[in-house]
Amino acid sequence: MELTIASYNIRKAIGLDRRRDPDRIISVLREIDADVIALQEVDRRIGQRASALPRALLDDTPWQIVPVAVRPRSIGWHGNALLVRRGISIIRSEPVDLPTLEPRGAISADLHFAGHDFRVLGAHLDLSGVRRRAQVKAMLADCERQSRPMPTVILGDFNQWTQQRGAMQSFGNGWRVLPAARSYPSRRPIARLDRMVISDGWECSNSTVHHSALATRASDHLPLVAQLMLPKY
């Protein structure tokens, strides 16, 4: 089974031209054409925390929303959302509380496709760095408490500049931190803030950022994209 998995901080659909344009974000998602997409900064911070990507727009795409929202106009949890291609079954989905000084969270989902069960966690980690390591440990603990282990992908905007130091040191044996590509800022990316970590069982054939003309304008982050495979057992 081979899947394209992506992470994208959409900055509430506000592009570099300072216009909120959800159609433009949808167009970038169509360019990526990933099977599983972890989104960050999806919901607005004030009021009803409405999604910056209206459900009506997503209804006309190849993806379904993984249900974790607790607010009626939201599609996620603390700005995190997961989209999966229609045809991928959602076995379980729930929000994950993260230790933090600011509103942060993660999403955990167990999925099934082509005879394989697998787990995906999408997150947006602490900006200051004070709680990042504890947040990674909280996600790992959430995986441990599930009823059964599965091949797992943890991805999102980690706000982590270094490749293997800091919070990344919390991933021990059984985890592989994929090489980080420069994803921020989108116009002239220099920082490797967006990350993807895979458990044993996955093989990765490619990991990069999607650097199109449209993606350069649509958000201040470029999407992170990887091709992952689960070999036959």
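Biologist: Why is Arg18 called exposed in this predicted model?

Modeller: Arg18 has a relative accessible area of 77%, and since exposed means over 50%, Arg18 is therefore classed as exposed. Arg18 lies in the loop between β1 and α1, and its phi is positive, at about 70 degrees, although Arg18 is not a glycine.

Biologist: What makes Arg11 partly exposed?

Modeller: The relative accessibility of Arg11 is 25%, and because buried means under 20% and exposed over 50%, with partly exposed in between, Arg11 counts as partly exposed. Arg11, too, is placed in the loop between β1 and α1, and it has a positive phi of about 50 degrees without being a glycine.

Biologist: How do you know that the peptide bond from Tyr184 to Pro185 is cis?

Modeller: The omega of that bond is near -10 degrees, and the bond is cis, whereas most peptide bonds are trans. Pro185 belongs to the loop between β9 (175-177) and β10 (194-199).

Biologist: Why is Ser74 called buried, and which side chain does the side chain of Ser74 meet in a polar contact?

Modeller: Ser74 has 3% relative accessibility, and as buried means under 20%, Ser74 therefore counts as buried, although its place is in the loop between β3 (63-65) and β4 (81-85). The side chain of Ser74 makes a polar contact with the side chain of Asp43 at 2.4 Å, which falls within the 3.5 Å cut-off. If residues up to four places away in sequence are left aside, Ser74 touches Asp43, Arg49, Ser51, Arg55 and Ala69.

Biologist: What makes Pro223 count as buried?

Modeller: Its relative accessibility is 0%, against a limit of under 20%, so Pro223 counts as buried. Pro223 sits in the loop between α4 (213-218) and β12 (224-229), and its C-alpha is 5.5 Å from that of Val209, a residue 14 places apart from it in sequence. Not counting residues up to four places away in sequence, the contacts of Pro223 include Val209, Thr208 and His210 as well as Val28 and Ile32. Val28 and Ile32 are themselves among the buried residues of helix α1 (residues 22-32), together with Pro22, Arg24, Ile25, Ile26 and Leu29.

Biologist: Which strands does α1 lie across, and how does it run?

Modeller: Helix α1 lies across β1 (2-9), β2 (36-40), β3, β4 and β12, and it runs at about 155 degrees to β1.

Biologist: Why are β3 and β11 said to stand at the edges of the sheet?

Modeller: The six strands form an open sheet in the order β3-β4-β2-β1-β12-β11, with mixed pairing. Here β3 and β11 (203-209) each have a single partner strand, so one side of each is left without a neighbour in the sheet. From one strand to the next, the twist averages 20 degrees.

Biologist: How do you know that β3 and β4 pair?

Modeller: Three bridges join β3 to β4, and because a pair needs at least two bridges, these strands qualify as paired. They run antiparallel, and Gln64 stands opposite Val84 in β4.

Note on methods
Residues are numbered from 1 along each chain as its sequence is written. This is a predicted model: local features need pLDDT of at least 70, side-chain atom pairs count only at pLDDT 80 or more; totals for chains, interfaces and linings use all residues. Side-chain values use heavy atoms; hydrogens and water are left out. Helices (H or I, at least four residues) and strands (E, at least two) are DSSP runs, numbered from the N terminus. Buried means under 20% relative accessible area, exposed over 50%, partly exposed in between (1.4 Å probe, protein chains only). A polar contact is a pair of N or O atoms within 3.5 Å; within protein, one must be able to donate a hydrogen and the other to accept it, and residues adjacent in sequence count only if both atoms are side-chain atoms. Contact means heavy atoms within 4.5 Å. Axes are lines fitted to C-alpha atoms, for helices over the stretch in contact, and angles run from 0 to 180 degrees between N-to-C directions.
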